[in-house]
Amino acid sequence: MHRALHHVCRQTRRIAPQQSRQLRAFPRVSGTTLTPTHGSRIFARSLSTTTTTTTTTTATATIDEKGPMPSSSTSQDPWHQKTSTIVTDDQSADSVWAEYTRRVNDDASSLSEYDFIVVARAVKAASSSAPPAQCIKRLQSLLRQLHQRDMGMGFVWCLNMLMHVYLENDDLAAAKLLFDGLGKSAYKPSHVTIHTLLDGITRLGSFKDARLLLQTLDAQQLMPPRADTWARFIRAYGTRFQRAEAAATTFAMALDDLAANNVDAIQCYNAMFDVYDKNQQMDRAWALYQQLLADTRTQPDKRTYTTLFSMIKRQQQQKHTAGGAGHSSTKDTKAMFDRLCKDLAESDVEMDTQHYLAMGWAPLRVLEHQLVNAQQPLDTHDYNLLLQESVRNNQFENALDIFGRMKSSAVKMDVYTYAIFMDAINKDVEQPADMVFELYTTMTKHDHLEPDAVIFNNLFLACGRQANADRAIAYLKEMEDRNIAPNLYIASSFLAALAQCDQPDYHDLVLARAFWQQLAMHDLRPDTRAYNNFLALLARHVKPKLYQSVEEDDDDQDNDGYASGSTSQQSAAATSMINDMVALYSQMRKARDARPDFLTYSILINTLAAQGQVRRSMQLYRNAQLASIKLNVSVYNHILQGLANNRDYHTLMNVWYDMKTHAIKPDRQTYDLLLDACQQLQMTETFLTIRHQRQQDTARLDQLDRDREDRRHRSQTIRGLDHQV
């Protein structure tokens, strides 16, 4: 084995010292360059000392994921007709591993290559809930066993899964080292190995990493002549890293390679169209289309026409928005559209629902046209596209109409159909949330469909509309019973449902804290929306501080200024809750996937100011200013009220000057607080100026009052609909 494999082990230990004893997929070797055969023998000897595996009992996740795609030796799954002697049905990953450990240590028992793949799939499937170090250790143990048995295809498959686990835990460096070692060993990476690493680079790495990967593949002649592999590089360069020129260069390389191997290149063309679409380069896309028409080896497909129609439609909308004035370099979109329609009609591609939608037709128009002219009856997929487009355009009544026609036509509905329609109901405030629950009952009881995470997310959103925490908790329990792991959308929607409850309940808060802690077990890093919903829930449990008199200078003394009905226990509970909120804010600032935004600062500042913790609210206010986050008049009013309660009128006036600097228009409460502060400070001239400004501002203030009343009335109306049975 090459020295590079020894280097892989040493470098991986540096990157993840906590896993230093586990990263032994590539062993230490010494000596000069080895032939692949010699390397394999050294590999086997170096791993022969580890023939037993230990059983751990921490993972309990069920097996509900598939393994990676097959190696480059075949485009189909080489295991699809294989059977395994390892039982995985209804078994936890720990149970599967225990059975495997017993079998591998039993000299009388034999294991096939597929048996190892089955165990590896079980380990990988449990990686979302089991400790990463445990999954890595188990996969590396499987790699050693596969190598000792000279099971090359299984070895590469298992290594792909190990690379996937590293990337799922954001360890790109370890995944890259695995790939480097594999490329210099007797085993060669499959196209899935390349796809897995490139996807990891696209999410975690840089353009330099992606370019280096392609250069390495080219130098070592490891790049498979596959259009989908080249297309992934093109999209990574052009859409993720915004390097359209690099994508175009890679596209040219792909055409040469695929032509030499007589492989259809339409996937690469479509990837390049996506790049030009992302970068809004209609002219270059049209030139590429002309090149495609001249390519005798490749023909446009359904996706080609859909993408180009969408680009032309967007170009026309942009010209319309600009008042009809287009760039001089932009070709006549009408001529492009006519040419594309003509080419489509003359091609072997059937014009379907997706094409009409891409052309800009309204979903109802498409439905009526297709019902009359389509060669084949519209199927579930067609209706789903129409529903999705209606919801995307906020045409909820049209979505209801399309759903009704789908039902009357006896077209079979799938989970995606129900998910789209539930989404439409949740977004249409005129429709009661109970319709979502009724749809769920129909889906599961009548159509016998298994719900997924998207369905439960819609259920939690509907619970939030009804402010029904009990129902949300019941659905969470059902989701767990169905072994559906939460995602970030579910986390946010569930916390929002609890936060919107009319009567905050302490038990809901306890459940929310436990749910928040379990997100880490599912390897979920909360985003900004999840943090904000949890902050909103905590804020609902903090009662505003009641003042008998103006607060003294020390605003951190929680018992000062409370009305006689308040207790020290209530004060301590509020302080504890606020400390939790501030701790969440600190975590949020350090998180990679979340950043405090306008809503974050609004919740925190309003809560702190209402509790009399003015100093902390002012610190957050300054942090928001440093982050260039513009707060609204409601937040400023909370700050001003807190400062007024604290008799800090000079700071209050400074905040008022900040409002003027940032063009924040005052409302009636703002004016009242400012005029009172001017009186306290005996700022007569400023008092008269502000009072005159308020008089001049009467019309706008009256409109604000009317708008506020309209919103209140509409909210009550919607809440009434949502509470109808």
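Student: Which residues of helix 32 are buried?
Tutor: This is a predicted model, in which local features need pLDDT of at least 70, side-chain atom pairs count only at pLDDT 80 or more, and totals for chains, interfaces and linings use all residues. Residues are numbered from 1 along each chain as its sequence is written, and side-chain values use heavy atoms, without hydrogens or water. Helices are DSSP runs (H or I, at least four residues), numbered from the N terminus; buried means under 20% relative accessible area, exposed over 50%, partly exposed in between (1.4 Å probe, protein chains only). In helix 32 the buried set is T670, Y671, L673, L674, L675, A677 and C678.

Student: How far apart are the end C-alpha atoms of helix 32?
Tutor: The expected span of a helix is 1.5 Å times one less than its number of residues. Helix 32 covers residues 668-681, 14 residues, so it should span 20 Å. The value in the model agrees: 20 Å.

Student: Which residue just after helix 32 takes a positive phi?
Tutor: Look just past the end of helix 32. There, phi is about 55°. The residue is Q682.

Student: Are the rings of F437 and Y475 stacked or edge-to-face?
Tutor: Rings of Phe, Tyr and Trp (its six-membered ring) pair if their centres lie within 6.5 Å; planes under 30 degrees apart count as stacked, over 60 as edge-to-face, the rest as tilted. The structure holds 20 such aromatic pairs. For F437 and Y475 the centres are 5.9 Å apart and the planes at 25°, so the pair is stacked.

Student: How many residues apart in sequence are the parts that F437 and Y475 tie together?
Tutor: F437 lies in helix 21 (residues 434-446). Y475 lies in helix 23 (residues 469-481). The pair therefore ties together parts whose separation in sequence is 38 residues.

Student: How do the rings of Y440 and Y475 pair, and what is the angle of their planes?
Tutor: Y440 is buried at 4%, and Y475 is buried at 9%. Their ring centres are 5.7 Å apart. The pair is edge-to-face, because the planes lie at 85°.

Student: Which residue lies over the face of F437?
Tutor: A charge sits over a ring if NZ of Lys or CZ of Arg is within 6 Å of the ring centre and within 35 degrees of the ring normal. Over F437, the distance from the ring centre is 3.7 Å. The residue is R471.

Student: How many disulfides does a search of the whole structure find?
Tutor: A disulfide is a pair of cysteine sulfur atoms within 2.5 Å. C268 is buried at 0%, and C501 is buried at 12%. The count of disulfides is zero.

Technical notes: Helices (H or I, at least four residues) and strands (E, at least two) are DSSP runs, numbered from the N terminus.
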